[in-house]
Amino acid sequence: MTPTHLPGRVAIPSLPTVLDAFNTAPAEDARALLLGCLHSPRWAERLTDHRPYPDTDALLAASDEAAYDLAPGDLAQALANETLPVLPEGIYGAAHTALDAANAAYEAKFGHVFVICLDDLPPDEALDQVLADIRSRLANDPDEERVVAAEELRRLARGRLARHLRGAGNCATSHNTPAPGK
């Protein structure tokens, strides 16, 4: 750590940032953190191998690029480990029934859980957005949906990683917090 000198004051050591800690962590620890954000060993390995990152924007850009480069098998592996979006508490029973039915139809058609990034959405709009999107995406053919699901996974990974870098340490699925830079 490099001390920071304040005029007429004692030198204060600079504390490492979360990015510094990520850049210098053992590879195994970095991969574990990344796998909590996106369940793709290939994505996590690629980001780990390209450390150190000069700043958060560089890491997030690398995250996006690695997510865009996922092969179909990597995407399937990442999707297999996702969970349904977290919705606000207190939504009424009929909404849960509608969502359960839509999720069942989606999984039957595409073979994986429905993924959607809700980072930019106010919590009171989450249910309506999930229901509208799942119904709309049921009209996709499997190839179209694979592209949409991959983009949602990329957005989820970026948001989760950004929250980690802000120190929140939360990589849970689709929480309704503002997106990075919002």
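## Helix packing exercises

**Exercise 1.** In this predicted model, the axes of helix H4 (residues 56-68) and H8 come within 9 Å and cross at roughly 155 degrees. Work out whether H4 and H8 are roughly parallel or roughly antiparallel, then say which residues make the contact.

*Solution.* Angles over 145 degrees count as roughly antiparallel, so that's how H4 and H8 run relative to each other. As for handedness, the H4 and H8 crossing is right-handed. On the H4 side, the contact is made by Thr56, Leu59, Leu60, Ala61, Ser63, Asp64, Ala67 and Tyr68. H8 brings in Glu151, Arg154, Arg158, Leu161, Ala162 and Leu165.

**Exercise 2.** Check the span of helix H7 (residues 126-137) against what its 12 residues should give, and find where its buried residues lie.

*Solution.* Take 1.5 Å times one less than the number of residues. Next, pick out the buried residues of H7: Ala126, Leu127, Val130, Leu131, Ile134 and Arg137. Looking down the H7 axis, they fall within an arc of 145 degrees, so they line one face of the helix. Their cover includes helix H6 (93-110) and helix H8 (142-165).

**Exercise 3.** Is Asp74 buried or exposed, and what is Asp74 in contact with beyond its neighbours within four places in sequence?

*Solution.* First, find Asp74 in helix H5 (residues 72-80). Its relative accessible area is 14%; buried means under 20%, so Asp74 is buried. Setting those sequence neighbours aside, Asp74 is in contact with Ser40 and Arg42.

Conventions
Residues numbered from 1 in each chain as written. Predicted model: local features only at pLDDT ≥ 70, side-chain atom pairs only at ≥ 80, totals over all residues. Heavy atoms only, no water. Helix = DSSP H or I, 4+ residues; strand = E, 2+ residues; numbered from the N terminus. Buried < 20%, exposed > 50% of the residue type's maximum accessible area, 1.4 Å probe, protein only. Arc of directions from axis to C-beta. Contact = heavy atoms within 4.5 Å. Axes fitted to C-alpha atoms, helices over the stretch in contact; angles between N-to-C directions. Parallel < 35°, antiparallel > 145°, perpendicular 65-115°, else oblique. Left-handed = near helix turned anticlockwise from the far one by under 90°.
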